[in-house]
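Hi,

Here is the structure I promised to pass on.

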Amino acid sequence: MSIPADRPEVVQLPAEPPVVTPARNRRAAAQRVREARDRLTSTSGTRPAFDHELLRQYAQMRQSASIVVILLVVATGLLFAIWIQPLSAAAWTCGMLCIHAVMIRNCGRFLGEQQSPLRTRKWRTRFVLLDLLYGVCWTAILVHPPGVEVVSNTLLMFLMLLVVAVSSMLAANLPIAALAATAPVTAAIAANFLLSGTFDNYILALLTVAAEGYFALLAHRLHSTTLATLEARAEKDALIGELEQAKAISDEARHRAEAANVAKSRFLAQMSHELRTPLNAILGFSEVMKSEIFGAHAVAVYKDYSADIHNSGVHLLNLINEILDLSRIEAGRYELNEEAVSLVHVVADCHHLLKLRASSRGITIHEVFEQGMPRIWGDERAARQIVLNLLSNAIKFTPQGGEIWLKVGWTASGGQYLSVKDTGSGIAEDEIPIVLASFGQGSNSIKSAEQGAGLGLPIAKSLIDMHGGTFTLKSKLRIGTEVIVTFPPERVMSALAPMADEAPPLQPSYDISLSDENRRVRNKPIMSAGTGL
C-alpha cells in the first residue's frame, strides 16, 4: 500500500497559518516584560527608569501651578511696595516672572523630548539650578529691610512659610530641587532674625529652621509615595506583560494542538479507508483459504497459516475500529443512538458470544442477574461494547481454571449497575490511572502473551460517561479485579400503570343515581363493557 507523496503536505497545512501571529505577539509581550523589569532594577537609592517619570511629573506640576506662582509673585511685589521703593519691588517682580517663564519654557521642552538617561541627568541638573535661582530671588525680597518693625517680622515669617510650602509642594518629585528652592530663603530669614539680637527674633529663627525641616520631610514623604506608586504600576505592567506572554504561548500551543488534531482527523479518515480496503480482501481470501472452499490444501500446514492470517487481520481490524471510536469520542463526534435497552439481555448476549473463548481456557462464568429489571434508555451498541470490553479483559487476564462473575442489579439510588469480577492477577494500585488512560497498559498486561492496544477500558469509561454513569475499577494484586459501571436512575424506564378508559356519557333519560353494580360496569374498559352489554 502506498501513500501519495503530496498527502503529508496537505495534513501539515493547518498547522502553519496560526503560528506566525502568536509568535510576533509573544515577542512583543516579552519585550514589554523586559522593559518593565528594567524599570524595577534597583541602583543607588532610586530606580533609573523612574527618574524620567519623576522629572516628567515635576515638569507637569510646575506647568499646572504656573498661575498660582504668578499670583504669589505679583501679590508679594505689591505688598513689599509699601515698605520699600515701588521701583525696586517692580524690578524684583519682573525678575521673578522672567525666571518663572524660563522654568515653564524648560518644562515644556523637557516634556517634548524623547527619554534618554543622559538627557535625564542633564535636565535634572538644569531644574535644580533654576530652582536655586528661584530661591535666591525670593531671598532678595524677603531679607529684613532696614527700618521695618516687629509686626513686619511676623509678616515676613508668614510669607517665608508660604513660599517654602509652595516650593516644597511643587518640587516634591525632585527633592534636591525643593531643597535648592527653599534652603536659601530659610537660611536668609533665619540669619536676619539672629542678627537682630532679640529673644523674639531668636524664637522666630528657630521656628524658621523647624518649618524648613518639616516641609523638607513632607516633600520627602511625597516623593516616597510617588516612587512607590510608580513601582506598583511597573510591577502591574510586568505582571500584565507576563500574562500576555503566557497567553500568547498558550494560544500558540492551542493553535498547534488544533492543527495537530485536524491533521490527526484527516490522517485517520484517510488511513481508515486505506487500511480497511486491503484488510477486507485479506479477511475474505484468508477465510476462503482457511475453509478450503475451492479444495483441500496440498500441504496441511497452509490451512493453519491461513487461520493465522485471518486471526491477525481480525485483530488489526478491531484495533483500527477501537482507535477510530476513541478518536470520535475524544473529538465529541460520537453520537448516542438512544433507545430502550435491556441491560440483562445485553450482558447475556455478550456472555454467549465469549463463552466459547472462556471455555477453551477453562474459565467458568457465573451470572447473577436480578429478575424483572426494567429497560434503560441508552445506546445498545455502546452498552454491548462496554460489556464486551470488560468481559474480554476479564477472560484475557484470568488464568486457567479461574472464575468470572457477571452481576446486574439495582443501585442504592434507583439506577442499574453491571459488575464484572475475575480472579486474575490483579492490577497494582499505582497502575490503575495508567490502565484507564488511552493506550495505557499495566505491568501484567505487558508481560501477558495476549497483549492489546490498551483501549478497552478507556473506551468503556468514555461511553459510560456519555450516558451520565460512573466507572469504578477495584483491583488487588494476586486476588482479582472488579469493574463496576452504573447507569443513573433517570435512564431507568420504570413500568407505568395503564390508564383507565372512561365510560360513554349517560343519556338524559337515565337515572343519575347508579348502583354499585352499574358503577363497576362503568369503570370497566370500553371493550369489556361493550361485550357485557
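A quick word on terms before the notes: "buried" means under 20% relative accessible area, "exposed" means over 50%, and "partly exposed" is in between (1.4 Å probe, protein chains only). Keep in mind that this is a predicted model, where local features need pLDDT of at least 70, side-chain atom pairs count only at pLDDT 80 or more, and totals for chains, interfaces and linings use all residues. Residues are numbered from 1 along each chain as its sequence is written, and side-chain values use heavy atoms, with hydrogens and water left out.

Salt bridges first. I count one when a side-chain nitrogen of Lys or Arg is within 4 Å of a carboxyl oxygen of Asp or Glu, and that rule gives 13 of them. One of these pairs arginine 62 with aspartate 131, at 2.3 Å from N to O. Arginine 62 sits in helix α3 (residues 48–64) and aspartate 131 in helix α6 (residues 117–142), so this pair ties together parts that are 69 residues apart in sequence. Both ends are out of the solvent by our cut-off: arginine 62 is buried at 2% relative accessible area, and aspartate 131 is buried at 0%. (Helices here are DSSP runs of H or I, at least four residues, and strands are runs of E, at least two, numbered from the N terminus.)

Other bridges stay inside one helix. Glutamate 380 meets arginine 384 with the closest N and O atoms 3.1 Å apart; they are four residues apart in helix α12 (residues 380–396), or about one helical turn. Glutamate 380 is partly exposed at 24%, and arginine 384 is partly exposed at 23%. In helix α15 (residues 456–466), lysine 461 and aspartate 465 are also four residues apart, and their side chains meet at 3.3 Å, N to O. Lysine 461 is partly exposed at 28%, as is aspartate 465 at 39%. There is also a network, in which bridges with shared partners join Lys247, Asp251, Arg254 and Glu258.

What about cysteines? With a disulfide taken as two cysteine sulfur atoms within 2.5 Å, the whole structure has zero. For cysteine 137, the nearest cysteine sulfur belongs to cysteine 98, 9.9 Å away. Cysteine 137 is buried at 17%, and cysteine 350 is buried at 0%.

Finally, tyrosine 202 is in helix α9 and is partly exposed at 40%.

Cheers
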